[in-house]
Amino acid sequence: VALALGIVALALLMLAGESRWWRVPLILLFYPAAIGYFQFADHTCVALAARNERKLGERAERIDDPDQLARVKAQANAVQWKALGTAVVLLLVALVV
């Protein structure tokens with residue numbers, strides 16, 4: 001949904017003839033879209049990882065094993081970096097078109 005809103009907003013800004021700098025806030029739509037995609041693709045919930053939890057099945061459970069917690073947090077961190085990189089690339093494309 002966030003990506004679709006970003007694309008629609010970009011189209012409206014382009015049609016209105018607004019300055020390219022008005023496109024910079026589109027990153028606020030591109031980043032959540034990318035976070036959602038990478039969380040789904042990597043089976044990692046960033047919010048649960050921040051609370052030292054994971055969801056296996058229907059319930060969230062606390063992660064007590066330090067090694068496993070470190071792996072989950074590293075995976076959540078990777079999701080955030082991939083999402084940020086993707087959002088920046090999308091923003092650069094939006095600035096160029």
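**Reading a predicted fold, feature by feature**

Mentor: Start at His43, which sits in the loop between H2 and H3. Helices (DSSP runs of H or I, at least four residues) and strands (runs of E, at least two) are numbered from the N terminus. This is a predicted model, where local features need pLDDT of at least 70 and side-chain atom pairs pLDDT 80 or more, while totals for chains, interfaces and linings use all residues. Residues count from 1 along each chain as its sequence is written, and side-chain values use heavy atoms, without hydrogens or water.

Trainee: What is the phi of His43?

Mentor: Phi is positive there, about 55°, although His43 is not a glycine. Asn52 is another such case, with phi near 60° in a residue other than glycine. Asn52 lies in the loop between H3 and S1.

Trainee: Which residues line the largest pocket?

Mentor: First the idea. On a 1 Å grid over the protein atoms alone, a pocket is an open set of points with protein on both sides within 12 Å along at least five of seven lines; a cavity is a set where a 1.4 Å probe fits but cannot get out; lining residues have an atom within 4 Å of a point. Here the lining is His43, Thr44, Cys45, Leu48, Glu53, Arg54, Lys55, Leu56, Val72 and Gln75. Strand S1 (53–56) and helix H4 (66–96) are the elements giving two or more residues to this lining. S1 gives the most, with 4 residues.

Trainee: What is the volume of the largest pocket?

Mentor: About 220 Å³. Points join across faces, edges and corners, and the volume is the space filled by probe spheres set on them.

Trainee: How many of the lining residues are nonpolar, polar and charged?

Mentor: Ala, Val, Leu, Ile, Met, Phe, Trp, Tyr, Cys and Pro count as nonpolar, Asp, Glu, Lys and Arg as charged, and the others, Gly among them, as polar. The lining has 4 nonpolar, 3 polar and 3 charged residues.

Trainee: Which residues make up the largest nonpolar core?

Mentor: A core is a set of buried Ala, Val, Leu, Ile, Met, Phe, Trp, Tyr and Cys residues joined through side-chain atoms within 4.5 Å. The largest has 11 residues: Ala34, Ile35, Phe38, Val46, Ala49, Ile63, Leu69, Val72, Ala76, Val79 and Ala83. Helix H2 (27–42), helix H3 (46–50) and H4 each give two or more. H4 supplies the largest share, 5 residues. Apart from this core lies another, of 6 residues, among them Leu10, Leu13, Leu26 and Ala94.

Trainee: What does Ala76 touch?

Mentor: Contact means heavy atoms within 4.5 Å. Leaving out residues up to four places away in sequence, Ala76 touches Thr44, Val46 and Ala49. Gln80 lies in helix H4 and is partly exposed, at 31%.

Trainee: How many aromatic pairs are there?

Mentor: Rings of Phe, Tyr and Trp (its six-membered ring) pair if their centres lie within 6.5 Å; planes under 30 degrees apart are stacked, over 60 edge-to-face, the rest tilted. The structure holds 1 pair. The rings of Tyr37 and Phe38 have centres 5.1 Å apart and planes at 75°, so the pair is edge-to-face. Tyr37 is exposed at 53%, whereas Phe38 is buried at 14%.

Conventions
Buried means under 20% relative accessible area, exposed over 50%, partly exposed in between (1.4 Å probe, protein chains only).
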